[in-house]
Amino acid sequence: MASLFKKKTVDDVIKEQNKELRGTQRQIARDRTALEKQEKQLEMEIKKMAKTGNRDACKVLAKQLVQVRKQKTRTYAVSSKVTSMSTQTKLMNSQMKMAGAMATTTKTMQAVNKKMDPKKTMQTLQNFQKETAKMDMTEEMNGSCPFSCPKAATRRYIQSRWDIR
C-alpha cells in the first residue's frame, strides 16, 4: 500500500521505459518473423499457381507478397526508431546524473572556499617561502644541512655537471 503513494524516482521511470522499449523490440521481432514466414508461404503458393497456370491467382498473391514485404520494411524502420528512443533515454539519464554530480561538486567547492580564506592562504605561502629562503641561506653559511646532508655540496655538484646556474 505504501508503494502506491510513493512518488516514482527518475531512475524508476527510466527503468520502466527501458522495460517497455525492450518489450516493444521483442514484439517487433516476433512480427517480423511472422511476416517472413508469411512471405515464404506466399512465394510457395505463387510457385504452385504458376505451375498450374493460374495467372489471376498469381497476380493476387504477388500483390499480397509486395504488401508483406512493405510491412517487413516498415518493421525495420520502427525498430530503428525504438532503438533510437532507448538510446536517447539513456543519454538523457547520463546527462542528468552528470548535472547532479556537477551541482554536488559546486556545493563542495563553495564550502571549501568559505573555509579557506584566500588572503590567509597567500600569506601562509609567502611565510613558507621566506622561511625556506632563510633556511637555505643558513645552510649555505654554515656549509651543512641540519639533517646531516651536504645540500650545498650536492647543489654545487649538480650545477657543475649540468651547467645549471
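Contact here means that heavy atoms lie within 4.5 Å of each other. Residues are numbered from 1 along each chain as its sequence is written, and side-chain values use heavy atoms, with hydrogens and water left out. As the model is predicted, local features need pLDDT of at least 70 and side-chain atom pairs count only at pLDDT 80 or more, while totals for chains, interfaces and linings use all residues.

Helix α2 covers residues 10-52; helices (H or I, at least four residues) are DSSP runs, numbered from the N terminus. With its 43 residues, α2 reaches 63 Å from its first C-alpha to its last, close to the 63 Å expected at 1.5 Å a residue, where the expected span is 1.5 Å times one less than the number of residues. Just after α2, G53 takes a positive phi of about 90°.

Several residues of α2 are buried (under 20% relative accessible area, with a 1.4 Å probe and protein chains only), among them I14, N18, L21, I28 and R32, and the buried residues of this helix pack against α3. E39, also found in helix α2, counts as buried because its relative accessibility is 11%. Not counting residues up to four places away in sequence, E39 touches L65, V68, R69 and K72.

The largest nonpolar core, 6 residues in all, is made up of L35, L42, I46, L61, L65 and V68. The elements that give two or more residues to this core are α2 and α3. Such a core is a set of buried Ala, Val, Leu, Ile, Met, Phe, Trp, Tyr and Cys residues joined through side-chain atoms within 4.5 Å. In soluble globular proteins, nonpolar side chains tend to be buried together.

A charged group also meets a ring in this model, for the charged end of R32 sits over the ring of Y76, 4.1 Å from its centre; this requires NZ of Lys or CZ of Arg within 6 Å of the ring centre and within 35 degrees of the ring normal.

Finally, T89 is found in helix α3, which covers residues 55-115, and T89 counts as buried because its relative accessible area is 10%. The side chain of T89 reaches the backbone oxygen of M85 at 2.8 Å. Leaving out residues up to four places away in sequence, T89 touches I14, Q17 and N18.

Methods: Buried means under 20% relative accessible area, exposed over 50%, partly exposed in between (1.4 Å probe, protein chains only). A polar contact is a pair of N or O atoms within 3.5 Å; within protein, one must be able to donate a hydrogen and the other to accept it, and residues adjacent in sequence count only if both atoms are side-chain atoms.
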